[in-house]
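Let's walk through one part of this model together, strand by strand. Have the structure open as you read.

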Amino acid sequence: MDIQLVAEGLEFPEGPIAMNDGSVILTEIKGQRLTRIHPDGRKETVVETGGGPNGAAIGPDGAIYITNNGGSFTWPEQDGLTIPGPTPPSHTGGYIQRYDLATGELTTLYSECDGRPFVGPNDLVFDKQGGFWFSDHGCGTPEGRKFGALYYARIDGSHVSRQRDHLISPNGVGLSPDEKTVYLADTQLGRLWAFDVEEPGVLGPPAGFAAGRAVHNLQGVQFLDSLAVEAGGKVCVATILNGGITAFDPNGTIEHYPVPDLIVTNICFGGPDMKTAWITASSTGKLYKATWPRPGLKLNFNA
């Protein structure tokens, strides 16, 4: 895989969006902002979000929707690397934000579902209907872990529903090309889940005791982060410790593409042939550009 450095000096980057003008807008979780990376590597602050902006995606109205974890990490430095640390006592929960690129207005769209506050919203993806699936990663506490969940919401603030609950550490979320399957990466389990979509925004009931279908569990100690789907259906998941991107075939086979960072957090696709992959290498604060061997799936909305 051909890979080149595009930008560095970022404060734990994630949530990359390949924009139509050739730039990339991404989140800086530690930096608490959205940043645009121009093709020449120049950095420009788009908006200061507060909290911990984690995932970002363009909605059907051309605005950027942000899953903000509310500042659910501390940031210790170790051997020159930035590492997500324990949740600080000041953390009270996260929220979904909307940023209007045209007006510069930043608003909070959701902060709870059925009266229960979100813990740490993490990643999101829009379906063809213009609604979005998003994950809540949960967080660590001195007593143990707060579980996460998988949600579906509409952009007008009228509806948010919890479609799966009591998940260990849900992270990256994506849709199969036919949108009949929601994929969800669980960080600590090193597992890619698949859930059957019964109708837009609604999952079918789980079979037996499992939350969904396990596509594959990584061996050893490997963590999974955010993801993007290829046009052919493979699911490309950022991988931690075994730093890189792991491509999961729906049949359960995998292949790994190394990236020079222990904490690789996300990937998105762009370019005229959708073979340009943008990869966030977060512990070193870098954005890489790679030529991917297969085209990525074109998202439903962009700007």
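Strands here are DSSP runs of E of at least two residues, just as helices are runs of H or I of at least four, all numbered from the N terminus. This is a predicted model, in which local features need pLDDT of at least 70, side-chain atom pairs count only at pLDDT 80 or more, and totals for chains, interfaces and linings use all residues. Residues are numbered from 1 along each chain as its sequence is written, and side-chain values use heavy atoms, with hydrogens and water left out.

Two strands pair if DSSP finds at least two bridges between them. Strand β25 (residues 223–229) runs antiparallel to β26, joined by five bridges. Their hairpin has five residues between the strands, and G233 there takes a positive phi near 105 degrees. With strand β27 (residues 244–248), β26 also pairs in the antiparallel sense, over five bridges. Three residues lie between β26 and β27 in that hairpin, where L241 in the turn has a positive phi of about 80 degrees.

Now look at β26 itself (residues 235–240): six of its six residues are buried, so the strand is largely enclosed by the rest of the structure. Buried means under 20% relative accessible area, exposed over 50%, and partly exposed in between (1.4 Å probe, protein chains only). V235, V237 and T239 point one way, while C236, A238 and I240 point the other.

C236 has A247 as its bridge partner in β27, and its relative accessible area is 0%. Counting cysteine sulfur pairs within 2.5 Å as disulfides gives zero disulfides. For C236, the nearest cysteine sulfur is that of C268, 12 Å away.
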